[in-house]
Amino acid sequence: MRFTALLSVLIASTLAQLPSFKQEFIYEDELRCSICRMVVDEISFRFESVNPKSKIETGSAGITPDGTYKQKKIPYLLSDTHITEILDQVCDNSWHYVQMGYDPITNLPMIQRMNSLRGEAVNLDGSKINIQDQEMTPDKIKRACFSFVERNEDEIVAEFVKLVQSKSFVEKRKSPLKKALKRLCNDKDFCSPDFSKKIRKNKTEL
(Lines give C-alpha, C1' and ligand atoms only; values in the text may rest on other atoms or scores of the structure.)
Protein backbone atom coordinates (compact mmCIF):
# COMPACT_ATOMS: atom_id res chain seq x y z
CA MET A 1 0.00 0.00 0.00
CA ARG A 2 2.81 2.40 0.92
CA PHE A 3 4.55 1.74 -2.38
CA THR A 4 1.31 2.30 -4.33
CA ALA A 5 0.66 5.56 -2.50
CA LEU A 6 4.25 6.76 -3.10
CA LEU A 7 4.00 5.85 -6.78
CA SER A 8 0.72 7.77 -7.11
CA VAL A 9 2.31 10.86 -5.53
CA LEU A 10 5.32 10.59 -7.85
CA ILE A 11 3.14 10.27 -10.97
CA ALA A 12 0.94 13.18 -9.89
CA SER A 13 4.02 15.33 -9.25
CA THR A 14 5.47 14.48 -12.69
CA LEU A 15 2.21 15.24 -14.47
CA ALA A 16 1.94 18.55 -12.64
CA GLN A 17 5.32 19.58 -14.08
CA LEU A 18 4.45 18.72 -17.68
CA PRO A 19 2.92 22.14 -18.48
CA SER A 20 6.12 23.90 -17.34
CA PHE A 21 8.22 21.57 -19.49
CA LYS A 22 5.96 22.34 -22.44
CA GLN A 23 6.20 26.07 -21.74
CA GLU A 24 9.99 25.75 -21.80
CA PHE A 25 9.87 24.31 -25.30
CA ILE A 26 7.34 26.93 -26.43
CA TYR A 27 9.46 29.92 -25.38
CA GLU A 28 12.46 28.37 -27.14
CA ASP A 29 10.36 27.95 -30.28
CA GLU A 30 9.09 31.52 -29.97
CA LEU A 31 12.66 32.78 -29.90
CA ARG A 32 14.09 30.56 -32.63
CA CYS A 33 13.82 33.20 -35.36
CA SER A 34 15.29 36.01 -33.23
CA ILE A 35 17.97 33.70 -31.80
CA CYS A 36 18.92 32.59 -35.31
CA ARG A 37 19.37 36.21 -36.38
CA MET A 38 21.35 36.96 -33.22
CA VAL A 39 23.68 33.97 -33.74
CA VAL A 40 24.22 34.77 -37.43
CA ASP A 41 24.97 38.43 -36.66
CA GLU A 42 27.44 37.56 -33.89
CA ILE A 43 29.22 34.94 -36.03
CA SER A 44 29.34 37.24 -39.08
CA PHE A 45 30.95 39.97 -37.01
CA ARG A 46 33.60 37.57 -35.72
CA PHE A 47 34.44 36.51 -39.28
CA GLU A 48 34.53 40.13 -40.46
CA SER A 49 37.08 40.88 -37.74
CA VAL A 50 39.63 38.36 -39.05
CA ASN A 51 41.91 38.80 -42.07
CA PRO A 52 40.68 36.12 -44.52
CA LYS A 53 44.24 35.54 -45.71
CA SER A 54 45.73 34.83 -42.28
CA LYS A 55 46.74 31.21 -41.73
CA ILE A 56 47.27 28.83 -38.82
CA GLU A 57 49.54 25.79 -38.52
CA THR A 58 47.78 22.44 -38.40
CA GLY A 59 48.78 19.40 -36.40
CA SER A 60 50.03 17.66 -39.54
CA ALA A 61 53.23 18.29 -41.46
CA GLY A 62 54.80 17.16 -44.72
CA ILE A 63 58.08 16.75 -46.55
CA THR A 64 58.69 19.04 -49.50
CA PRO A 65 60.29 17.73 -52.76
CA ASP A 66 63.69 19.05 -51.64
CA GLY A 67 63.47 16.98 -48.46
CA THR A 68 62.77 19.76 -45.97
CA TYR A 69 60.19 19.41 -43.22
CA LYS A 70 57.32 21.87 -43.51
CA GLN A 71 54.33 22.46 -41.24
CA LYS A 72 51.05 22.61 -43.13
CA LYS A 73 48.91 25.73 -42.83
CA ILE A 74 45.23 26.41 -43.46
CA PRO A 75 43.21 29.66 -43.40
CA TYR A 76 42.51 30.57 -39.77
CA LEU A 77 38.92 31.43 -40.71
CA LEU A 78 38.27 27.79 -41.64
CA SER A 79 40.20 26.18 -38.81
CA ASP A 80 38.39 24.02 -36.27
CA THR A 81 39.94 26.23 -33.59
CA HIS A 82 38.34 29.41 -34.91
CA ILE A 83 34.90 27.98 -35.64
CA THR A 84 34.77 26.14 -32.29
CA GLU A 85 35.78 29.31 -30.43
CA ILE A 86 32.97 31.26 -32.10
CA LEU A 87 30.28 28.68 -31.39
CA ASP A 88 31.45 28.25 -27.81
CA GLN A 89 31.30 31.99 -27.13
CA VAL A 90 28.38 33.27 -29.20
CA CYS A 91 25.69 32.46 -26.62
CA ASP A 92 27.72 34.06 -23.83
CA ASN A 93 26.85 37.38 -25.46
CA SER A 94 23.14 36.82 -24.80
CA TRP A 95 23.21 39.20 -21.83
CA HIS A 96 23.68 42.06 -24.33
CA TYR A 97 20.17 41.41 -25.69
CA VAL A 98 16.70 42.46 -24.57
CA GLN A 99 13.26 41.85 -25.97
CA MET A 100 12.01 44.65 -28.23
CA GLY A 101 8.34 43.83 -28.52
CA TYR A 102 7.02 41.62 -31.32
CA ASP A 103 7.58 41.42 -35.05
CA PRO A 104 4.61 43.10 -36.79
CA ILE A 105 4.52 40.44 -39.54
CA THR A 106 5.24 37.16 -37.71
CA ASN A 107 4.13 38.28 -34.23
CA LEU A 108 7.20 36.50 -32.84
CA PRO A 109 9.31 38.08 -30.07
CA MET A 110 12.12 40.33 -31.30
CA ILE A 111 15.38 40.73 -29.40
CA GLN A 112 17.97 43.44 -29.94
CA ARG A 113 21.52 44.09 -28.85
CA MET A 114 21.76 46.99 -26.41
CA ASN A 115 25.16 47.97 -27.82
CA SER A 116 25.90 47.67 -31.53
CA LEU A 117 28.56 45.26 -32.80
CA ARG A 118 29.57 47.55 -35.68
CA GLY A 119 29.19 50.97 -34.11
CA GLU A 120 25.80 51.88 -35.60
CA ALA A 121 23.33 53.88 -33.53
CA VAL A 122 20.95 51.69 -31.53
CA ASN A 123 17.39 52.81 -30.94
CA LEU A 124 16.40 51.62 -27.47
CA ASP A 125 12.98 53.11 -27.10
CA GLY A 126 12.16 52.44 -23.46
CA SER A 127 8.49 51.97 -24.20
CA LYS A 128 9.28 48.92 -26.33
CA ILE A 129 11.87 47.16 -24.20
CA ASN A 130 10.47 44.50 -21.90
CA ILE A 131 13.65 44.47 -19.81
CA GLN A 132 11.71 43.50 -16.68
CA ASP A 133 9.63 40.88 -18.49
CA GLN A 134 10.05 37.69 -16.51
CA GLU A 135 8.79 35.70 -19.49
CA MET A 136 11.87 36.68 -21.52
CA THR A 137 14.81 37.04 -19.13
CA PRO A 138 18.44 37.14 -20.36
CA ASP A 139 18.89 33.66 -18.86
CA LYS A 140 16.06 32.33 -21.02
CA ILE A 141 17.56 33.98 -24.09
CA LYS A 142 20.88 32.31 -23.32
CA ARG A 143 19.32 28.87 -22.84
CA ALA A 144 17.38 29.26 -26.08
CA CYS A 145 20.62 30.24 -27.82
CA PHE A 146 22.50 27.15 -26.61
CA SER A 147 19.56 24.98 -27.67
CA PHE A 148 19.48 26.55 -31.15
CA VAL A 149 23.24 26.23 -31.70
CA GLU A 150 23.27 22.62 -30.53
CA ARG A 151 20.37 21.75 -32.83
CA ASN A 152 21.76 23.54 -35.91
CA GLU A 153 25.53 23.48 -35.43
CA ASP A 154 26.38 21.42 -38.53
CA GLU A 155 24.27 23.59 -40.83
CA ILE A 156 25.65 26.83 -39.33
CA VAL A 157 29.26 25.71 -39.74
CA ALA A 158 28.74 24.42 -43.30
CA GLU A 159 27.02 27.64 -44.43
CA PHE A 160 29.66 29.97 -42.98
CA VAL A 161 32.56 27.90 -44.30
CA LYS A 162 31.01 28.21 -47.77
CA LEU A 163 30.39 31.95 -47.41
CA VAL A 164 33.85 32.88 -46.13
CA GLN A 165 35.48 30.93 -48.95
CA SER A 166 33.59 32.99 -51.52
CA LYS A 167 35.34 35.53 -53.72
CA SER A 168 33.13 38.34 -52.42
CA PHE A 169 34.41 37.78 -48.89
CA VAL A 170 38.06 36.87 -49.48
CA GLU A 171 38.76 39.55 -52.11
CA LYS A 172 36.09 42.19 -51.56
CA ARG A 173 35.70 41.73 -47.78
CA LYS A 174 31.92 41.73 -48.20
CA SER A 175 30.16 40.64 -45.02
CA PRO A 176 28.49 37.20 -45.12
CA LEU A 177 25.69 38.54 -42.88
CA LYS A 178 22.99 39.22 -45.48
CA LYS A 179 23.26 35.85 -47.25
CA ALA A 180 23.61 33.93 -43.99
CA LEU A 181 20.50 35.59 -42.56
CA LYS A 182 18.49 34.64 -45.64
CA ARG A 183 19.68 31.03 -45.84
CA LEU A 184 19.84 30.13 -42.15
CA CYS A 185 16.95 32.21 -40.76
CA ASN A 186 14.59 34.20 -42.97
CA ASP A 187 13.85 31.40 -45.45
CA LYS A 188 13.12 28.91 -42.66
CA ASP A 189 9.69 27.88 -41.44
CA PHE A 190 10.42 29.11 -37.90
CA CYS A 191 10.59 32.71 -39.17
CA SER A 192 7.20 32.56 -40.87
CA PRO A 193 3.79 33.88 -39.72
CA ASP A 194 2.40 30.32 -39.91
CA PHE A 195 4.94 29.18 -37.33
CA SER A 196 3.73 31.89 -34.96
CA LYS A 197 0.16 30.64 -35.37
CA LYS A 198 1.25 27.12 -34.36
CA ILE A 199 2.89 28.49 -31.22
CA ARG A 200 -0.19 30.47 -30.22
CA LYS A 201 -2.29 27.34 -30.70
CA ASN A 202 0.07 25.33 -28.49
CA LYS A 203 -0.15 28.00 -25.81
CA THR A 204 -3.95 27.80 -25.70
CA GLU A 205 -3.72 24.04 -25.19
CA LEU A 206 -1.63 24.36 -22.00
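D189 is partly exposed, with a relative accessible area of 43%, where partly exposed lies between buried, under 20% relative accessible area, and exposed, over 50% (1.4 Å probe, protein chains only). Its side chain meets that of K198 in a salt bridge of 4.0 Å, N to O, a salt bridge being a side-chain nitrogen of Lys or Arg within 4 Å of a carboxyl oxygen of Asp or Glu. This is a predicted model in which local features need pLDDT of at least 70 and side-chain atom pairs count only at pLDDT 80 or more, while totals for chains, interfaces and linings use all residues. Residues are numbered from 1 along each chain as its sequence is written, and side-chain values use heavy atoms, with hydrogens and water left out.

**Salt bridges**
- K198, the partner of D189, is also partly exposed, at a relative accessible area of 46%.
- The structure holds 12 salt bridges, among them one between R118 and E48 (3.1 Å, N to O), which links the loop between β4 and α3 (138-164) to helix α1 across 70 residues; helices (H or I, at least four residues) and strands (E, at least two) are DSSP runs, numbered from the N terminus.
- K188 and E155 form another, with the closest N and O atoms 2.8 Å apart, and this pair joins the loop between α5 and α6 (193-204) to helix α3, 33 residues apart.

**Largest pocket**
- The largest pocket holds about 410 Å³ of space; a pocket is an open set of points on a 1 Å grid over the protein atoms alone, where a 1.4 Å probe fits, with protein on both sides within 12 Å along at least five of seven lines, and lining residues have an atom within 4 Å of a point.
- Of the 17 lining residues, D41, Y97, I111, Q112 and R113 are the closest to the pocket centre, and the elements giving two or more residues to the lining are α1 (2-48), β4 and α5.

**Helix faces**
- In helix α5 (residues 177-186) the buried residues are L177, A180, L181, L184 and C185, and they lie on the same side of α5 because they cover an arc of only 100 degrees around the axis, the arc being that of the directions from the helix axis to the C-beta atoms.
- In helix α2 (residues 80-90) the buried residues are H82, I83, I86, L87 and V90, which fall within an arc of 125 degrees seen down the axis and so line one face of the helix.

Key. Points joined across faces, edges and corners; volume = space filled by probe spheres on them.
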